[in-house]
Structures are given as C-alpha cells and as structure tokens.
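Please open the model in your viewer and keep the selection panel at hand.

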Amino acid sequence: MKILVVDDNPDILDALQQILEMDGYDVVATTDGRKVLHMMHAEHPDLLLLDIWLPGCDGKDLCRQIKQQESSCQFPVLLMSAHRDIQQMVAQASADGFIQKPFEMKTLLTTVAGTLKGSHPRGTGRTYLPLA
C-alpha cells in the first residue's frame, strides 16, 4: 500500500515516513501542498495523510476539493493537526479521520491501517477507489 504524506515540517514528514516505511508501507512525501493533486494522479497512493496548515495551501480546502470530485470522492484522507478543534475541521472538510499531533506511533499505525481497511472513525464502510 502506498501513502502520500503532506506536512510542511520536514522533521515531522521524515518521522512519518520512517514510521510508515518500517510498518511496510510505500511512502511518497512532500512539504508542498500545491503538488498534492498532481502527485495523487502520478503516484496513485491508497491514502493521503494531509496536514491542515500548509503554506500557500489550506489542507481543509484541499481535502474538500478531493472529496467533491467524482473521481476521488471516496479516496481516503486523514487530516493531521495539533489544533484542538481537529474533529470539527475533519467534519467540515469531509475527511475520513484524523491524526492528532503530537501523535503516538501506535495510534498513527492503527488509524492508518483502519482507514485503509475501511473501518475508519466515520464508519461508512466505503470501498476506496484509486484516482483515475
């Protein structure tokens, strides 16, 4: 399974990449939120881990955009933030769940695995389709 990770903090991005790769995931990472849509189409990831606060790009708006397109509306997106109102932001962006920063490795891996299996917190049981 391939995961696209987007965070403007290179240290967090590196930590996420190492944790996910140690658990057997292929990881594609970027600090530039403006590249996300292109990377999704080029890399065909199975999941997007997306920071909410990105320079030049709002992660919530980007998630909403992904969820509004017919070709990607069922694509799983987990938002990441240290903001205390992240659950409300997840609902507003139509994301599939969230990773609260700072995160525990076990929580990160459990949330990622559950989302990929379709048992994410929103419990829709959707089948995820890759982007066309």
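In which sense do β6 and β7 pair, and over how many bridges? Select both strands: β6 and β7 pair in the parallel sense, over four bridges. Two strands count as paired if DSSP finds at least two bridges between them; strands (E, at least two residues) and helices (H or I, at least four) are DSSP runs numbered from the N terminus.

The model is predicted, so local features need pLDDT of at least 70 and side-chain atom pairs count only at pLDDT 80 or more, while totals for chains, interfaces and linings use all residues. Residues are numbered from 1 along each chain as its sequence is written, and side-chain values use heavy atoms, with hydrogens and water left out.

Remain on this pair and select serine 81, which stands opposite glutamine 100 in β7. Next, follow the chain from β6 through helix α4 (residues 86-93) to β7; this β-α-β crossover is right-handed, meaning that, with the strands pointing away from the viewer, the path from the first strand over the helix to the second runs clockwise.

Now colour β7 by face. Gly97 and Ile99 belong to its covered face, Phe98 and Gln100 to its uncovered one. In a regular strand the side chains alternate between the two faces of the sheet.

Five strands make up an open sheet, in the order β2-β1-β3-β6-β7, with parallel pairing. At its edges stand β2 (26-30) and β7 (97-100); each has a single partner strand, so one side of each lacks a neighbour in the sheet. From one strand to the next, the twist averages 20 degrees.

Move to strand β3 (residues 47-51), which pairs with strand β6 (residues 77-81) in the parallel sense over four bridges. Here leucine 48 stands opposite valine 77 in β6.

Select lysine 60 in helix α3 (residues 59-68). Is this lysine 60 buried or exposed? Lysine 60 has a relative accessible area of 11% and is therefore buried (under 20%; exposed is over 50%, partly exposed in between; 1.4 Å probe, protein chains only). Leaving aside neighbours within four places in sequence, lysine 60 contacts Ile52, Trp53, Met89 and Ala93.

Cysteine 57 counts as buried at 15% relative accessibility, and cysteine 63 counts as buried at 0%. A search of the whole structure for disulfides finds zero, a disulfide being a pair of cysteine sulfur atoms within 2.5 Å.

Terms used: Contact means heavy atoms within 4.5 Å. Axes are lines fitted to C-alpha atoms, for helices over the stretch in contact, and angles run from 0 to 180 degrees between N-to-C directions.
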